Amino acid sequence: MKNIPVTGQMAVPIDHRDMLVAIDRPLSPLSGAMHWHTHYELAMVTCRGGERYVGDSHESVDELDIVLIGPRMPHAWVAPKVEGSRMFTLHFHDATWERHLGGMNVFRPVRMLLERAAYGVSFCDRAKPEIRDRILALPGMRGVEGVQHFISLLDFLAQTPNQKMLAAPGYTLQGAPGTVDRRVELVCRHLEKAYARPLKLSDAAAVAGMSESAFCHLFKRNMGENFVDYLNGIRVHEAMKMLHITDAAVAEVCLACGFNNTSNFIRVFRRKCGYSPSEYRLKSRRAITRL
């Protein structure tokens, strides 16, 4: 099996107040980098002669591929040609179900589906056309209508026969609760609150109570990426939300999200997202639906 290294967490402009975010975009070269999110992703990919990686699962895909992936599960799609290929993804928080809906008996099938999705779930060819049509109907909906349709979509997925779990049950998730050293967890919580301030490796090491060298090794081993890349991921995530929601200038977004100069911000943003901040703002307002 061909191995693709996990490059780390990929930023998605989803806020804790969002029920879900739908993104329609071309299959970019970044899609072929093994990455993960802290939320669920329902991915629909159209390509010819591509390959799909989910954890330690590697399969060939053709035409239409639909997969539900749980938080912190590394995944990637690799296509020989990205021209003409598309990726439509729905992103939603696990907290939405755990706090509000998951405990209700009527949602038990959905809850079980999400448990299976921890290791990636693909759906049979026979069900794909119906799933595709239901997914593509979402961008035209708003408010409660869209939420109802989304819940109905998840219920339909839960009832779909011949689902296939992808990664092996023993696969270790990236940064999953219980697998991360408490010192690293402490630093991650600190970064989520302090990302807009100047932060150095020495600051993070001090929070962890470790030397810089020891902290670097511990952080990379626990989170699958180095400290700087992880911090930049948080900052880019916040920048994506600002670019999509506000009309703030790129330089203003740069400073608000903790970057010290615009050229560095643009370079990091492009590496994480595949577009410059200005390009992303233009594309996101056409391609992103929020509920």
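Predicted model: local features only at pLDDT ≥ 70, side-chain atom pairs only at ≥ 80, totals over all residues.
**The largest core.** Begin by selecting Leu42, Leu68, Leu90, Phe92, Phe123, Phe150 and Leu157, the residues with the most contacts inside the largest nonpolar core, which has 30 residues. Next, colour β4 (40–54), β5 (57–69), β7 (86–92), α2 (108–116), α3 and α4, the elements that each give two or more residues to this core. Helix α4 supplies the largest share, six residues.

**Leu90.** Centre the view on Leu90 and display its contacts beyond four places in sequence: Leu20, Val21, Ala22, Tyr40, Glu41, Leu42, Leu138, Phe150 and Leu153.

**The second core.** A separate core of 21 residues can be located by selecting some of its members, including Ala204, Leu218, Leu231 and Ile234.

**Helices α3 and α4.** Select residues 128–137 (α3) and 143–159 (α4), whose axes come within 10 Å and cross at roughly 165 degrees. The two helices are therefore roughly antiparallel. The crossing of α3 past α4 is left-handed. To see the contact itself, show Glu130, Ile131, Arg134, Ile135 and Ala137 on α3, together with His149, Ser152, Leu153, Phe156 and Leu157 on α4. Of these contact residues, six are nonpolar, two polar and two charged.

**Ala205.** Finally, select Ala205 in helix α6 (residues 201–208). Ala205 is buried, with a relative accessible area of 2%. Beyond four places in sequence, Ala205 is in contact with Met210, Ser211, Glu212 and Phe215.

Conventions. Residues numbered from 1 in each chain as written. Heavy atoms only, no water. Axes fitted to C-alpha atoms, helices over the stretch in contact; angles between N-to-C directions. Helix = DSSP H or I, 4+ residues; strand = E, 2+ residues; numbered from the N terminus. Parallel < 35°, antiparallel > 145°, perpendicular 65-115°, else oblique. Left-handed = near helix turned anticlockwise from the far one by under 90°. Contact = heavy atoms within 4.5 Å. Nonpolar A, V, L, I, M, F, W, Y, C, P; charged D, E, K, R; others polar. Buried < 20%, exposed > 50% of the residue type's maximum accessible area, 1.4 Å probe, protein only. Core = buried A, V, L, I, M, F, W, Y, C linked by side-chain atoms within 4.5 Å.
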